[in-house]
Amino acid sequence: MSLPALLLWVAGVVLIAIGYRQARGPWQRYRYLQEQDANVARYQAWRGGLRDREPTGASVAMQVLRRQAQMGAALAIAGFALVLAGFAIR
């Protein structure tokens with residue numbers, strides 16, 4: 001086992017852990033807001049009213065949360081790539 005491979009493995013595992021922690025919270029809040037938005041849409045359809053298509057605070061928050069979750073997932077993917085690179089040079 002070489003030192004560069006070990007360093008890549010450690011760095012990869014650290015990035016995977018950080019990415020997972022950063023993506024988990026925003027993704028859960030995003031899914032919650034998405035469920036609430038679908039509930040409002042069902043309620044509006046039940047009442048027979050048309051729903052405004054203008055951006056709401058919740059839709060803006062969903063965009064921000066989705067972006068945060070994507071950034072965390074990108075970190076985790078980069079960490080996974082480092083682990084694979086560590087195996088490749090081993």
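The expected span here is 1.5 Å times one less than the number of residues, and helices are DSSP runs (H or I, at least four residues), numbered from the N terminus. This is a predicted model, in which local features need pLDDT of at least 70, side-chain atom pairs count only at pLDDT 80 or more, and totals for chains, interfaces and linings use all residues. Residues are numbered from 1 along each chain as its sequence is written, and side-chain values use heavy atoms, with hydrogens and water left out.

- Met 62, Leu 65, Ala 69, Gly 72, Ala 76, Gly 79, Val 83 and Gly 86 are buried in helix 2; buried means under 20% relative accessible area, exposed over 50%, and partly exposed in between (1.4 Å probe, protein chains only).
- Helix 1 is among what covers those buried residues, where contact means heavy atoms within 4.5 Å.
- Ala 81 sits in helix 2 and counts as partly exposed because its relative accessibility is 42%.
- From Ala 81 to Gln 63, 18 residues apart along the chain, the C-alpha atoms are separated by 27 Å.
- Ala 85 also has its place in helix 2, and with a relative accessible area of 27% it is partly exposed.
- Ala 85 and Arg 66 lie 19 residues apart in sequence, and 28 Å apart in space from C-alpha to C-alpha.

**Helix 1**

- Helix 1 runs over residues 3-47, and its 45 residues should span 66 Å at 1.5 Å a residue; the end C-alpha atoms are 66 Å apart, so the two agree.
- Buried in helix 1 are Ala 5, Trp 9, Gly 12, Gly 19, Ala 23, Gly 25, Pro 26 and Tyr 30.
- Those buried residues pack against helix 2 (57-89).
- Just after helix 1 comes Gly 48, with a positive phi of about 85°.

**How the two helices meet**

- The axes of helix 1 and helix 2 come within 6 Å and cross at roughly 160°; axes are lines fitted to C-alpha atoms, for helices over the stretch in contact, with angles from 0 to 180 degrees between N-to-C directions.
- That makes the pair roughly antiparallel (over 145 degrees; under 35 is roughly parallel, 65 to 115 roughly perpendicular, the rest oblique).
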